[in-house]
Amino acid sequence: MRAAVITRPRTLEVQEVPTPSPGPGQVRVRVGAAGVCGTDVHLFDGHFHARLPLIPGHEVAGVIDAVGPGVAELHEGQLVALDPVVSCGQCWACRRGQRQHCLRFEALGLTRPGGFAQHVVAPAANAHPVRGLSAAEASFAEPLGCVAWGIVRLRPEPGSKALLFGAGPIGLLLMQALRISGAAEVTVVDPVPERLALAKALGASHAVPAGAGTADALRDLEPHGFDVVAEATGVAGVVEAMPRYAAVGGKVLIFGVAPEEATVRLSPYDVFRRDLSVVGSFSLNGTLPLALSWLESGRVRVGPLISHRLPIEELGKALEYKEHPGMGDALKVLIVPE
Ligand SMILES: [Zn+2]
Ligand SMILES: [Zn+2]
């Protein structure tokens, strides 16, 4: 089969590699679509403890085309979305229900071969049957599963007024998830007018351009602050500004992936005096089925987020789009092997 392989940092090759066979308790999936995400850029750069050579791709959906021994619930021909997190089930973190923090953490497309290939093998337990979606739509189950874990962590109160920084693909998923998880209104801030327009089309209550007038515009909208302030930017400066937009008792969700070395200044007195909560959210934790139910019910729309569908051979181009946020019109780039 053909596969995109990161052979060493910043070197990507499309290679002919042996088609994998499913072992006991595994299924093989013919990849229908695999989403490109910022993590893939980090892997390409050799970060995230990438074990090279590696076939990346952790946002995968496709049709099962081979089933290993001992697989009871799945069969050939089924469209599935893959949860990339492979946990041991036995370590301290797994026993506490924190499988994304497994001490023997493995993941498809991070430590094991992923989905930027014609086929990928996964544990049957990680393959979730999909109804009524295309493979392209179903490939959003993984990033939306991460968003769902963020929502589970955040627990927005019914009727919340929410503020969200960032209307990239993840921000637009988070905005929709907030809308159906208790937020009465979601105000979105982003520098790109087209993204703000898309946010409005997908249900954002207010769209505010990022810039000199942002603080005043937000104060006009909610003079006492927002119940929820979330970000999907990974920009430390944005995170630093978030508490000042929170209402008393407000919750601040740090969702974007900031550089490891980034730090922010936070007033402990402010957190104390105004009953603020600061919430983090890492990866997904059994929340892929929740994401699938949002997708299958049509409550979260992903079609408008797809900006490119590229063959495996053009993965390098997709990583470049990701490397230059704000360059061009790229939102979600999908790799479509066939
Ligand atoms: Zn991802
Ligand atoms: Zn474990």
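I find helix 4 and helix 10 roughly perpendicular to each other. This is a predicted model, so I keep that in mind throughout. For the pair, I looked up the axes: helix 4 (residues 141-154) and helix 10 (residues 288-296) come within 8 Å and cross at roughly 110°. That angle falls in the 65 to 115 degree range, which means roughly perpendicular.

Next I listed the contact residues. Helix 4 brings A141, E142, L144, G145, A148, I151 and V152. Helix 10 meets them with L288, L290, A291, L292, W294 and L295. I sorted this contact by class and got eleven nonpolar residues, one polar and one charged.

Then I turned to the backbone. Most peptide bonds are trans, and most residues other than glycine have a negative phi. I noted the exceptions below.

Which residues does a cis peptide bond join? I found L52 and P53, with omega about 0°. P53 sits in the loop between helix 1 (38-44) and strand 4 (59-67).

D275 is not a glycine, yet I read a positive phi of about 55°. I placed D275 in the loop between helix 9 (268-273) and strand 15 (277-280).

S283 also gave me a positive phi, near 55°, and is not a glycine either. I placed S283 in the loop between strand 15 and helix 10.

D275 counts as exposed, at 57% relative accessibility, where the cut-off is over 50%.

Key. Residues numbered from 1 in each chain as written. Chains lettered and ligands numbered in written order. Predicted model: local features only at pLDDT ≥ 70, side-chain atom pairs only at ≥ 80, totals over all residues. Heavy atoms only, no water. Axes fitted to C-alpha atoms, helices over the stretch in contact; angles between N-to-C directions. Helix = DSSP H or I, 4+ residues; strand = E, 2+ residues; numbered from the N terminus. Parallel < 35°, antiparallel > 145°, perpendicular 65-115°, else oblique. Contact = heavy atoms within 4.5 Å. Nonpolar A, V, L, I, M, F, W, Y, C, P; charged D, E, K, R; others polar. Buried < 20%, exposed > 50% of the residue type's maximum accessible area, 1.4 Å probe, protein only.
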